[in-house]
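This briefing is for a reader new to the structure.

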Amino acid sequence: MGLFDKLAGWLGLKKKEVHVLCLGLDNSGKTTIINKLKPSNAQTQDIVPTIGFSIEKFKTSSLSFTVLICQAKADTETSGNITTNIKHRRLPILFFANKMDLRDAISSVKVSQLLSLENIKDKPWHICASDALKGEGLQEGVDWLQDQMQAMKT
Ligand SMILES: Nc1nc2c(ncn2[C@@H]2O[C@H](COP(=O)(O)OP(=O)(O)O)[C@@H](O)[C@H]2O)c(=O)[nH]1
Ligand SMILES: [Mg+2]
């Protein structure tokens with residue numbers, strides 16, 4: 001990082017850039033969640049099914065996020081490569097138990113039990129119940145992710 005970039009960072013003009021990988025079943029609401037995190041004038045009105053993968057960006061008060069959204073069909077291969085890549089790193093994992101507004105939705109506690117999240121001991125993780133249509137629960141998750149990312153050295 002050059003001196004100018006560092007100065008801009010110290011002055012709060014330049015946000016720290018972080019990369020996030022977004023994985024989940026087809027139709028689970030990944031694109032809707034990311035879309036809702038963008039400023040309202042940048043949000044898309046019609047969300048179309050993601051073909052292959054999509055790169056999205058949004059900002060929080062102190063970070064600039066670049067999100068890679070993988071389509072679930074491609075996920076097996078991609079996840080394999082990624083798993084090898086991140087297995088030994090203490091990267092934070094944020095889970096959204098989305099579509100909580102649906103009548104038969106199960107609670108985030110139950111979701112974490114079903115996924116055995118308590119077995120994840122080597123990475124910080126957090127689960128939020130969310131309703132991406134209304135935008136509920138998203139901020140809580142992103143605030144957690146922001147704290148985790150800021151705590152990381154690089
Ligand atoms: N009821 C409900 N529908 C949702 C929610 N989040 C997304 N959806 C809908 O689920 C469908 C799939 O969403 P999309 O973001 O394309 O899923 P993706 O395949 O994971 O990117 C769309 O019709 C969304 O409007 C939610 O929290 N509640
Ligand atoms: Mg999508």
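K30 is buried, because its relative accessible area of 11% falls under the 20% limit. The model is predicted. K30 lies in helix α2, and a polar atom of its side chain is 2.8 Å from the backbone oxygen of L25.

- G29 sits in the loop that runs between β1 (16-22) and α2 (30-37).
- G29 is buried as well, since its relative accessible area is 13%, under the 20% cut-off.
- The UniProt annotation "binding site", from an unreviewed entry, covers L25, G29 and K30, among others.

**Surroundings of ligand 1**
- In the side chain of T31, an N or O atom is 2.7 Å from an oxygen atom of ligand 1.
- K99 has a polar side-chain atom 3.0 Å from an oxygen atom of ligand 1.
- At A132 the contact comes from the backbone, where an N or O atom lies 2.8 Å from an oxygen atom of ligand 1.
- On its own, ligand 1 has 590 Å² of accessible area, and the protein covers 79% of it.

**Aromatic pairs**
- How many aromatic pairs does the structure hold? There are two.
- F58 and F65 form a stacked pair, because their ring planes are at 5 degrees, under the limit of 30; the ring centres are 4.7 Å apart.
- F58 is buried at 6% relative accessible area, and F65 is buried at 1%.
- F95 and W125 form an edge-to-face pair, because their planes are at 80 degrees, over the limit of 60; their ring centres are 6.5 Å apart.
- The pair of F95 and W125 links distant parts of the chain, 30 residues apart.
- F95 belongs to strand β4 (residues 93-97), whereas W125 belongs to strand β5 (residues 125-129).

Note on methods: Residues numbered from 1 in each chain as written. Chains lettered and ligands numbered in written order. Predicted model: local features only at pLDDT ≥ 70, side-chain atom pairs only at ≥ 80, totals over all residues. Heavy atoms only, no water. Phe/Tyr/Trp six-rings, centres within 6.5 Å; stacked < 30°, edge-to-face > 60°. Buried < 20%, exposed > 50% of the residue type's maximum accessible area, 1.4 Å probe, protein only. Helix = DSSP H or I, 4+ residues; strand = E, 2+ residues; numbered from the N terminus. Polar contact = N/O pair within 3.5 Å; in protein donor to acceptor, adjacent residues only side chain to side chain. Areas by Shrake-Rupley, 256 points an atom, 1.4 Å probe, with all protein chains shown as cover. UniProt positions renumbered as here; feature names shortened; annotations may be inferred.
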